[in-house]
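Subject: Structure handover

Hello,

Here is the structure you asked about, followed by notes on what was found in it. Please read the notes with the model open.

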Amino acid sequence: MSKKLVNAIADMREEEALKLVKEMIEGDSDPMAILDDAREAMDIVGKRYEEGSYFLPELILAGEMLNQITDILKPKLAKLPEVKRHGKVLIGTVEGDIHDIGKNIVTFMLDVNGFDVLDLGVDVPPQKFVEAVEDFQPQVIGLSGFLTLAFDTMKETVEAIQAAGLRDQVKIMVGGGQMDDQVRAHTGADAYGRDAMAAVKLAKDWIGA
Amino acid sequence: MEIIGEKINGTRKRVARAIAERDADFIRDLARNQAEAGAAWLDVNAGTHPKQEPDDLIWLVENVQAAADTPLCLDSANPQALAVAMEAVDKTPMINSISGEPERLEGILPLVTEHGCRVIALAMDATKIPETSAARVAVIHKVMEATRAADVPDECVYVDPLVMTIGTNVQSGRIFLDTLRAVREAYPTVRFTAGLSNISFGLPARSFINRAFLTLALGAGLDSAILDPTDRELRATLRAAELVLGRDNHCLNYTRAYRAGLFDELDKG
């Protein structure tokens, strides 16, 4: 493990981190070990965000660094490593709503906490969720929405998953804007969360990670 | 500058509860406090789903009007809800909002023309907020074509260039300011408004960002903003910035605000 790389990423020194990765590759370091370092750094970033010492911009920069490092490593890897992951989470902002900041934070935090996350983006129609459940086979679905209008499309999305006969194989959580148990009941979801850590905790409890 | 009081908004949890429980006192207090703090308009957003929205909006309108004389800014994308609320208002309201979305223009513009309202125009399409200033200006061209075709005078249109958080794009502030300046050049008599505090979402010490942004936006020509008028520090910044921009005859707004205690405990000399 390269403590230097972990710290460079975790402390947001982008140029230094990328330079280190390139040097390590040229020095025949194991690309897998570099990826592990990057993961560890992401973990630190996630913790600092939870504690309130890092903010939204640091999460975004961390995500960008991880993407760039993966791009540098890709040619060196026969295939992208099967990092041991807890399970799969499908996520998206439901139809009629385009708010994505909360969803993006949840995606990041699930990712650094060891979940495979497929993010369908914003304004996602129920049918697209259904198709993605069939293809991606997630254990957990996260429906996001900030507008009150989104509560109805969350309900429609849950119903569409039910109608496709897929409801029993997934757990569904809802989040965004104002959430409480009344809203959860309206949507037919299994649980709701108020922040990104709540989403991580729900996913861990359900998947048994 | 006109302050549009932002607090009566059903997407805020406490307000949603007041609407659901028909807690009139809570809503009336919000209306009164914002009016006393100098709001020129009170935004009223039920935030409920379309079936419920007309009833909720009328209930809000009636209670806000019972507590304050301030004209309302009816905040909904739903033409049906706006049409019924329009029948319940005492004073000609502002409508919040239209956008480049054709259904919204078709549904809402007739109301604006019929009642001679002012209207907020968002620089976005149906589902997308353009990333660049040029693309936002292009949307506004489309909207202005529609408002002019509907005989809405330019000075009744409040363009919102859209404030996105700097936390996800460090250029958000500049994109806003560039859009404002470009639209102002093309339509010298339109007005501008903005939901100010979005700028600092996800960042620490937000009040400093909000104040810096308000000052710069005023300098670029912002005429109004949707904000919390009970935030004294923000209002103090507003008074000072308008003073510096030469928009305060004989400094009277500033000195009156001082005498009314706006700067008490805030001024460090």
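In chain B, α3(B) passes α4(B) in a right-handed crossing. A crossing is right-handed if the near helix is turned clockwise from the far one by less than a right angle, and left-handed if anticlockwise. Helices (H or I, at least four residues) and strands (E, at least two) are DSSP runs, numbered from the N terminus.

This is a predicted model, in which local features need pLDDT of at least 70 and side-chain atom pairs count only at pLDDT 80 or more, while totals for chains, interfaces and linings use all residues. Residues are numbered from 1 along each chain as its sequence is written, and chains are lettered from A and ligands numbered from 1 in the order in which they are written.

**The helix pair in chain B**

Helix α3 (residues 53–67) of chain B and helix α4 (residues 79–88) of chain B have axes 9 Å apart and pack at an angle of about 30°. Axes are lines fitted to C-alpha atoms, for helices over the stretch in contact, and angles run from 0 to 180 degrees between N-to-C directions. α3(B) and α4(B) are therefore roughly parallel to each other (angles under 35 degrees count as roughly parallel, over 145 as roughly antiparallel, 65 to 115 as roughly perpendicular and the rest as oblique).

From α3(B), the residues E53(B), P54(B), L57(B), I58(B), V61(B) and E62(B) meet Q80(B), A81(B), V84(B), A85(B) and A88(B) of α4(B). Two residues are in contact if their C-beta atoms, placed from the backbone, lie within 7 Å. By class, the contact of α3(B) with α4(B) has eight nonpolar residues, one polar and two charged. Ala, Val, Leu, Ile, Met, Phe, Trp, Tyr, Cys and Pro count as nonpolar, Asp, Glu, Lys and Arg as charged, and the others, Gly among them, as polar.

**The helix pair in chain A**

α3(A) and α4(A) pack with their axes 10 Å apart, at an angle of about 175°. That makes α3(A) roughly antiparallel to α4(A). On the α3(A) side the contact is made by P31(A), I34(A), L35(A), A38(A), M42(A), V45(A) and Y49(A), and on the α4(A) side by E58(A), L59(A), A62(A), L66(A), I69(A) and L73(A). The residues of this contact divide into 12 nonpolar, no polar and one charged.

**Domains and the chain interface**

Chain A is assigned domain 1 (3–76) and domain 2 (87–207); the bounds come from an automatic or database domain assignment. The centres of the two domains of chain A, taken over C-alpha atoms, are 28 Å apart. Six residues from domain 1 of chain A and six residues from domain 2 of chain A form their contact. On the domain 1 side, α3(A) gives the most, with four residues. That side has two nonpolar, two polar and two charged residues.

In chain B the assignment gives domain 1 (2–231) and domain 2 (232–269). Their centres, over C-alpha atoms, are separated by 25 Å. The contact takes 11 residues from domain 1 of chain B and nine residues from domain 2 of chain B. Helix α8 (residues 206–220) of chain B supplies seven residues, the largest share of the domain 1 side. By class, that side has four nonpolar, five polar and two charged residues.

Between the chains, 13 residues of chain A are in contact with 15 residues of chain B. α4 (56–73) and α7 (149–163) of chain A are the elements that give two or more residues to the chain A side. That side divides into eight nonpolar, three polar and two charged residues.

**The sheet in chain A**

Five strands of chain A form an open sheet in the order β2-β1-β3-β4-β5, with parallel pairing (two strands pair if DSSP finds at least two bridges between them). β2 (115–119) and β5 (191–193) of chain A stand at the edges, each with a single partner strand, so one side of each has no neighbour in the sheet. Strand β4 (residues 171–175) of chain A pairs with β5(A) in the parallel sense over three bridges. M173(A) stands opposite A191(A) in β5(A).

**Two backbone points**

Most residues other than glycine have a negative phi, and most peptide bonds are trans. D123(A), in the loop between β2 and α6 (126–136) of chain A, has a positive phi near 55°. A cis peptide bond joins N96(B) and S97(B), with omega about 25°. S97(B) lies in strand β4 (residues 94–98) of chain B.

Regards
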